[in-house]
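Subject: Structure handover

Hello,

Here is the structure for you to look through.

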Amino acid sequence: MLRRNLAFVSALFCAAFQASAVSASDHRDAPLTQLYPMSDIGDNFLFRGAQTGGLTIAYTLNPLSGSGAPGTLGSEDIKLDPDLIYMFRLDLDDDARADIAYKVRVRDIDGERQKQTVELRVAEGEEARSNRWNGREIARGYTTALNRALEVVEGDNGELLFIGPRRDPFFFDFSNVQAPAALAIKQALAGGDNLPAEPTSIGAFGISDMTLIVLEIPGLADQALNYWAVVADSNGISVDRMGRAGVQGIFFVDPPVGYNPARYLPVDPEYPTVGDFNNAYNAANPDEGLSRFGDQFTFSFNRLEVEEDKLEDTVAFYAPDMLTWDPSQPAGYPNGRSFAEDAIYWTITDINPFRYEAPDSFLPRSSDQALNEEKFPYAAPSFNQAWQPGIPVRPVAPIYMDEE
């Protein structure tokens with residue numbers, strides 16, 4: 001993720017610097033997702049899960065929860081929207097069109113603040129490409145509420161599904177890197193005041209939880225594929241989608257204060273604002289990336305000083321906006337993306353050959369969070385996780401599978 005329009009985060013934390021920049025973030029990447037945080041995909045992940053050895057796909061929603069930021073909820077209040085359809089889309093033949101989709105829908109429970117019922121479906125072919133609630137039911141169960149019993153929904157074919165509040169796994173560290181893309185992110189984050197202040201996950205967005213959806217599918221990690229996440233409304237319209245890390249947050253941001261707007265506003269006059277462009281981008285499919293948005297990628301990459309002889313290949317790589325997975329190659333972004341990886345640092349080094357890096361800068365960079373990469377659902381517990389007294393300290397309820 002870099003939450004696709006990070007200028008919105010700037011508005012939250014530094015309104016004095018950028019009072020007009022409110023339509024930005026893969027945390028709040030477009031006007032529609034700003035209004036409906038339960039639809040707002042923050043980050044997207046893909047890796048081989050240790051629990052079953054299967055493909056694990058995950059994404060986050062409800063950005064900046066538990067932080068106290070204006071317009072956000074507490075960790076004990078965030079959940080999914082019963083009127084939305086949450087999808088994992090998989091392309092198995094490299095045509096940027098879904099062949100399989102796993103679809104999730106929830107229902108509220110009377111008297112429950114956060115816990116919801118869950119239904120999981122799998123769709124294939126044209127149904128997989130539809131944003132409608134279709135496909136074959138393979139599981140029912142419950143979401144997990146903060147400091148309540150761990151709920152893992154198990155599917156007909158051994159699928160594992162978790163939905164609940166967790167610490168935001170997003171992590172990046174470019175505090176010792178100087179490059180146009182790094183500067184663009186800092187401007188979007190806080191009006192150019194050099195955030196993040198510290199090279200840690202907390203240094204990126206502070207104390208922050210999100211709703212995490214994690215789906216592990218046995219066997220599917222053994223074939224090459226492409227993956228992206230979609231959230232659709234009840235009319236079958238995609239209101240948010242995400243594949244690679246930071247595409248909208250780095251490349252399609254509102255003009256920073258004091259900068260020439262012509263260098264940031266969409267090149268296609270059909271979209272008068274960056275927000276209009278991002279709404280359209282979120283409603284599109286990966287196979288439309290080059291035809292509809294290729295010119296904007298080219299324009300943005302020119303602004304960020306991508307080398308001219310690499311420009312066409314760079315646009316072709318990013319425009320479909322899908323996470324790729326090839327089990328014959330070493331795992332690590334851009335071949336998948338784990339909760340521990342600094343995918344934003346990788347992106348900066350990929351598109352900015354002319355950059356300064358401190359001598360101790362290197363890849364891979366690994367998150368400082370207390371992740372459990374051996375037990376589903378792998379992500380660190382909420383900042384507001386309650387613990388029992390004693391040594392060792394234990395959570396009030398299990399937070400990973402196979403824990404007592």
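Below is what was found in the model, region by region.

This is a predicted model, in which local features need pLDDT of at least 70, side-chain atom pairs count only at pLDDT 80 or more, and totals for chains, interfaces and linings use all residues. Residues are numbered from 1 along each chain as its sequence is written, and side-chain values use heavy atoms, with hydrogens and water left out.

**Cores**

The largest nonpolar core has 71 residues. Those with the most contacts inside it are Tyr59, Leu90, Tyr102, Tyr227, Phe251 and Phe297. Helix 10 gives the most to this core, with six residues. A second, separate core has 16 residues, including Leu160, Phe162, Tyr378 and Met401. (A nonpolar core is a set of buried Ala, Val, Leu, Ile, Met, Phe, Trp, Tyr and Cys residues joined through side-chain atoms within 4.5 Å. Buried means under 20% relative accessible area, exposed over 50%, and partly exposed in between, with a 1.4 Å probe and protein chains only. Helices, H or I of at least four residues, and strands, E of at least two, are DSSP runs numbered from the N terminus.)

**Helix 9**

Helix 9 covers residues 311–318, and its buried residues are Leu311, Thr314, Val315 and Tyr318. Seen down the helix axis, these buried residues fall within an arc of 100°, so they line one face of helix 9. (The arc is that of the directions from the helix axis to the C-beta atoms.) An α-helix has 3.6 residues a turn, so residues three or four places apart point the same way. Exposed Glu312 and Asp313 sit on the face of helix 9 turned away from its buried side. The buried residues pack against helix 6 (247–251), helix 8 (289–303) and helix 10 (343–351). (Contact means heavy atoms within 4.5 Å.)

**Three residues to look at**

Lys103 is in strand 4 (residues 100–108). Lys103 is buried, with a relative accessible area of 0%. What does its side chain reach? A polar contact of 2.7 Å joins the side chains of Lys103 and Asn134. A polar atom of the Lys103 side chain also lies 2.8 Å from the backbone oxygen of Arg132. (A polar contact is a pair of N or O atoms within 3.5 Å; within protein, one must be able to donate a hydrogen and the other to accept it, and residues adjacent in sequence count only if both atoms are side-chain atoms.) Lys103 and Met87 are 16 residues apart in sequence, yet 4.5 Å apart in space, C-alpha to C-alpha.

Thr60 is in strand 2 (residues 55–65). Thr60 is buried, at 1% relative accessible area. Its side chain reaches the backbone nitrogen of Asp43 at 3.0 Å.

Asp268 is in the loop between helix 6 and helix 7 (274–283). Asp268 counts as partly exposed, at 29% relative accessibility. Its side chain reaches the backbone nitrogen of Glu270 at 2.9 Å.

**Pocket**

The largest pocket holds about 180 Å³ of space. Its lining includes Trp387, Arg394 and Glu404. Strand 15 (387–388) and strand 16 (394–395) each supply at least two residues of that lining. (On a 1 Å grid over the protein atoms alone, a cavity is a set of points where a 1.4 Å probe fits but cannot get out, and a pocket is an open set with protein on both sides within 12 Å along at least five of seven lines; lining residues have an atom within 4 Å of a point. Grid points are joined across faces, edges and corners, and a volume is the space filled by probe spheres set on the points.)

Best wishes
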